[in-house]
Amino acid sequence: MAHSVSPLQTAEDSRRAVSNEKEDPSKAETQLVQFPEGGTAAWCTIIGATLIQFCGFGYTMSFGIYQDYYTLYYLTNKSSSAISWIGSINAFLTTAVGLVSGLLYDRGYFYHLLIGGSLLQSFNLFMLSLTQPGQYYQIFLAQGIGLGISQGFLYVPTLSVLSHYFQKRRTFAMSLVTSGSSLGAIIHPIMLNYLFNRGVGFANGVRISAAFISVLLLIACSLTRTRLEPPQHPTNCLSVGRGVIRDPFFCLACIGLFCLQIGFFFVLFYLQLDSVKHGNSETFSFYSLAVLSGGALIARLTTGFIASRVGVLRLMIITTTACSILTFGMTGLSSIPTVVVLGGIFGYFSGIYIALLAPLMSYLTHDFSELGARIGIGMVFVGVGNLIGASLSQNYVAPSPLNALSLALVPT
């Protein structure tokens, strides 16, 4: 005999469902999301996001070329530590602006951020080409602040948009996209080094680089697409903040990333310059960054496969420990083999670390509608760590191993 359902029971169930949705509408929307885990639109978005990472963080990670050129030729009136602040502010804003861009992404402003950030990045690169030798403030405004803000508009949204297409393969997709920054950290230094030192000089070299990046950003904007409509109930930044404070695992992860990031960019910024100061040729020292970036590229292409077997959290712990230990290697940097070994191994583990930043935030986020904001919050901790790391490393240009040792102790 079929069990009959009374009209009163049906009405009561409907009332409870509506009541639950009103209590937390964003979670109700999240539960209805279906992920294609691939498809033409998804792969086009991956290609577009990879190009943006190539032009954004890939350019930031190439600051070692600018550091070397500014120190030796273009800003000889400034110390190497003062020059390093340009790259540090750039890296800080690239990640810290993610708090704003992440919230705007959650509210449906993805295309505004994509197009506006791309235009602003092209503009600031062309402005950098107009700066004059010895004019520190001009370079600081164009490269440190301008480029940092524009790249910050793009960094978090282009990683977060992958969550429209992937859930089970999200770590793989995000690590694949971050490989664009490693590829950029290989190609940009080679191109800039040739243009600055053997080609057309600084101004025209930066213009050629700006034109190259502008074309790639145009292609990226035409390929990258969202799939889901903006949430009907936008994320409230105060509610996200309260949720983060009450989430001990997310808070501990942010503190850990902050501590590691204090010393992370030290090797990237000083490897080439330190190699020159230890008597290695300028030609080889230039390619030391290419070795480091090559290791990072291999790491990011393989991170998704490794993380699927080891786990995102375990792999992050292994990687951050390795990066901290390898920073001690700067104390013994001298000959060509030591530069190659340190650059390659550190590049590999640092590549895994960068590739896991967004997947780690995604792994610790339970509400899909807060993903952009939570990634942005995590990136603020990363950015502040960059700034503190710059202040600690400003005394290390010289050959004293104690300076490098004191810095190496920080991220451990």
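**View 1. Aromatic pairs in the predicted model.** Across the whole structure, a search finds 22 aromatic pairs, a pair being two rings of Phe, Tyr or Trp (its six-membered ring) with centres within 6.5 Å, called stacked when the planes are under 30 degrees apart, edge-to-face over 60 and tilted for the rest. Tyr 69 and Phe 202 form a stacked pair, with 5.8 Å from centre to centre and 10° between the planes. Because Tyr 69 lies in helix H5 (residues 63–74) and Phe 202 in helix H11 (residues 202–223), the pair ties together parts that are 133 residues apart in sequence; helices are DSSP runs (H or I, at least four residues) numbered from the N terminus. This is a predicted model, in which local features need pLDDT of at least 70 and side-chain atom pairs count only at pLDDT 80 or more, while totals for chains, interfaces and linings use all residues. Residues are numbered from 1 along each chain as its sequence is written, and side-chain values use heavy atoms, with hydrogens and water left out.

**View 2. The salt bridge of Asp 247 and Arg 374.** One salt bridge is found in the whole structure, defined as a side-chain nitrogen of Lys or Arg within 4 Å of a carboxyl oxygen of Asp or Glu. The side chains of Asp 247 and Arg 374 meet in a salt bridge at 3.2 Å, N to O.

**View 3. Charges over rings.** Arg 374 also lies over the face of Phe 250, at 4.9 Å from the ring centre, the criterion being NZ of Lys or CZ of Arg within 6 Å of the ring centre and within 35 degrees of the ring normal. The charged end of Lys 78 sits over the ring of Tyr 136, 5.3 Å from its centre.

How values were computed: Helix = DSSP H or I, 4+ residues; strand = E, 2+ residues; numbered from the N terminus.
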